[in-house]
Amino acid sequence: LVPSDFNDIPDVKAKLHDILQGNGNMNDNEWYTIFVFEGVMIYLNDGVPSSLLNITSSVLRENNLGGSLCFADRLENVPSGDFDLGVTELESNGWNMNDWSPKPGLARHMGSASLLSTTI
């Protein structure tokens, strides 16, 4: 476990780099990261949720690693359960929507995404 203040984006990015570069005993082809956000983004400062999505995808890309995203949270810039807005939010931050299951409540967006092969 690595404690982190998700509102401190530069610190989160540095910690992710340290974690992903610290896999010296593993072949990069065997290293696959799944980021899980569950009821976290609803408590963060404005702009931070999108930044977290962006740094998770960019850190994977910078380290030539694969990864996925699983979320049950509230995506920023998606005020409702609108699929198209969800796709846009994820793609603009380096993720390709796989599943989308909006529901009522604060953490209204549920789904999964895979790393985009190229940034948009």
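The buried residues of helix 2 are Val48, Pro49, Ser50, Leu52, Leu53, Ile55, Thr56, Ser57, Ser58, Val59 and Leu60. Buried means under 20% relative accessible area, exposed over 50% and partly exposed in between, with a 1.4 Å probe and protein chains only. Helices (H or I, at least four residues) and strands (E, at least two) are DSSP runs, numbered from the N terminus.

This is a predicted model, in which local features need pLDDT of at least 70 and side-chain atom pairs count only at pLDDT 80 or more, while totals for chains, interfaces and linings use all residues. Residues are numbered from 1 along each chain as its sequence is written, and side-chain values use heavy atoms, without hydrogens and water.

Because 11 of its 15 residues are buried, helix 2 is largely enclosed by the rest of the structure. Among the elements that cover these buried residues, by contact (heavy atoms within 4.5 Å), are the following.

| Element | Residues |
|---|---|
| helix 1 | 9-21 |
| strand 1 | 32-38 |
| helix 3 | 83-91 |
| strand 3 | 95-100 |
| strand 4 | 109-115 |

Strand 2 also belongs to this cover.

The end C-alpha atoms of helix 2 are 20 Å apart, which agrees with the 21 Å that its 15 residues should span at 1.5 Å a residue; the expected span is 1.5 Å times one less than the number of residues.

Asn63 counts as buried because its relative accessibility is 12%. Just after helix 2, Asn64 takes a positive phi of about 55°.
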